[in-house]
Amino acid sequence: MSKYFTKTALVVMGLGALLSSCSKPMRSQKTGMAYNDRNNGGYLRFKQTHPAPGPGLIAIEGGTFVMGGSADQDVTYDYNNVRRRVTVASFYMDETEVSNQDWLDYLHWISITFPEDRELYYNATPDTLVWRRPLSYNEPYVDNYLRHPAFQDYPVVGVTWEQAQEYCTWRTDRMNENILRETGRLANWKDASGNGKGQATANTGNKPAMTDPFNTDMYLNGQIRGQGVDGKKMIRDLNPRAQASDNKGKPVRPVRIEDGILKPGYRLPTEAEWEYAALGLSGNTEYENIADGKIYPWNGLGVRSASKRTRGMILANFKRGEGDNMGVGNSLNDKADITAPVRSYEPNDFGLYNMAGNVNEWTGDTYRQTSFEDFEDFNPFRGNEYTNKRLADPEKGLYAKDKYGRPIKDAAKSNRKLSWAEFVAQQQGGQANAAGNNGNAANGAAAPGGNAALAGKPYKADQRGFADSVNTSLYGVTTLVNDHSKVYKGGSWNDRAMWLNPATRRFMDQTDASAEVGFRCAMTMVGAPEIHPAGKTHFRVSKPKTYNPK
């Protein structure tokens, strides 16, 4: 009895201590002002979080590795992938390639959102004619591969690099919209569709008040608000000058980035991220020592399984030799004639499927033969094209939008933050005053009395472009590599085993498509890079001292 009483007393005392500690407000370590207090202006501080990945993604803990190091030979004799040590930050990556069903979801959304815009639907449709070969009967794939249910979990192909980028943007907006609607920060799906009660305005009939589709940038800029759009569980606003209120008269506001609710955007992985994730060296690493390197995403020197249960089976979907795509009848080896379902074969040590074979995959990088010589050693990437969102009203900060409700983006004219005068002048199409900074010399000379960052051509660190002229009398033959050349990696169902090595790299024009090229998405990880800190040694981190003004 006494033992039970003692335990109960300890629990009550602990609870009291917890409540007393919770009653003390968090304060700024530099000014002493209390956070989240509406009486002092509503200074905000949000709980520091390590956000979960978006749907379909797996966390990849970054680190250093030798890019190009898994290749034991230069298979194309192009000298385009010399070994160099780089560091990749932690990120998220799709567990599987984007499938036909995933792409049909995308097409369905376009058809119900813009039912009369045939151009948008047509441009988003993959090129199914990539299956045609002059001397091969592949016409059934032209008609069935994308849409027939038998192929719904197979990787989508016939997609250009540009189409993959558009899909990433669409997927980002649908993910964030779903988060906001299902948590009540936006009108729920039933009300948004016009089937709810009290959400439609008088002049919209049964249509939702938000005429443009949800866009993350527009929402964060406060341009998606109003009756029929705001949800019933919006965030309480501590700003004493709050503009909006809920049906109970309490001030509310939309979600902001600072809240940690919305997620970063989906994108194509960089070439370095893709190669790092494909190697999956985490399973071979202990205390920074890599016990064994890899030639493929699995251990060993061959392409067959050494496991007792699956011994001798081929570990990926590729072409073993001329005329041998799947083995012998009644004993099919890789179980696939063309592509295979996206969860076929064993995942690598990061948990990623088909990082070798099945389909090649687009990366975000622009191809250069000598990229290894001149890109950064931290998060290496080539292909940055910096943009700014155009403002319809610079004074109010409202974005200009296209016919699909997305912000219009213009090529950035500078690699620095402009002064307010320069910023307004740029948005209005004018020139800054002569007192402005002369900008970067690479942007061209400044206009008379103006600023090079405003008057020059778009800022690009890589100055060579596909339209640049070449002295043919000196060089004879010009290269086909330009800013539209994009890297793809991984090997496909129609490639030999040498292309399964993660270090191999090829390129294709961003407007071209192939029956052997698909893609998967990635997402930037924000915050601490360590994913599994449990059981690892750490320095003790002291808590900040509390400030009591009394």
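1. How many bridges join strand 13 to strand 20? Strand 13 (residues 360-366) and strand 20 run parallel and are joined by 2 bridges, and Glu-361 stands opposite Gly-518 in strand 20. Strands here are DSSP E runs of at least two residues and helices are H or I runs of at least four, numbered from the N terminus, and two strands pair if DSSP finds at least two bridges between them.

2. The model is predicted, so that local features need pLDDT of at least 70 and side-chain atom pairs count only at pLDDT 80 or more, while totals for chains, interfaces and linings use all residues. Residues are numbered from 1 along each chain as its sequence is written, and side-chain values use heavy atoms, with hydrogens and water left out.

3. A search of the whole structure finds 25 salt bridges, each a side-chain nitrogen of Lys or Arg within 4 Å of a carboxyl oxygen of Asp or Glu. One of them joins Asp-483 to Arg-368, with the closest N and O atoms 2.6 Å apart; Asp-483 lies in the loop between helix 12 (472-475) and strand 18 (485-489), and Arg-368 in the loop between strand 13 and helix 9 (371-374), 115 residues apart.

4. Asp-483 counts as buried at 9% relative accessibility, and Arg-368 is likewise buried, at 9%, where buried means under 20% relative accessible area (1.4 Å probe, protein chains only), exposed over 50%, and partly exposed in between.
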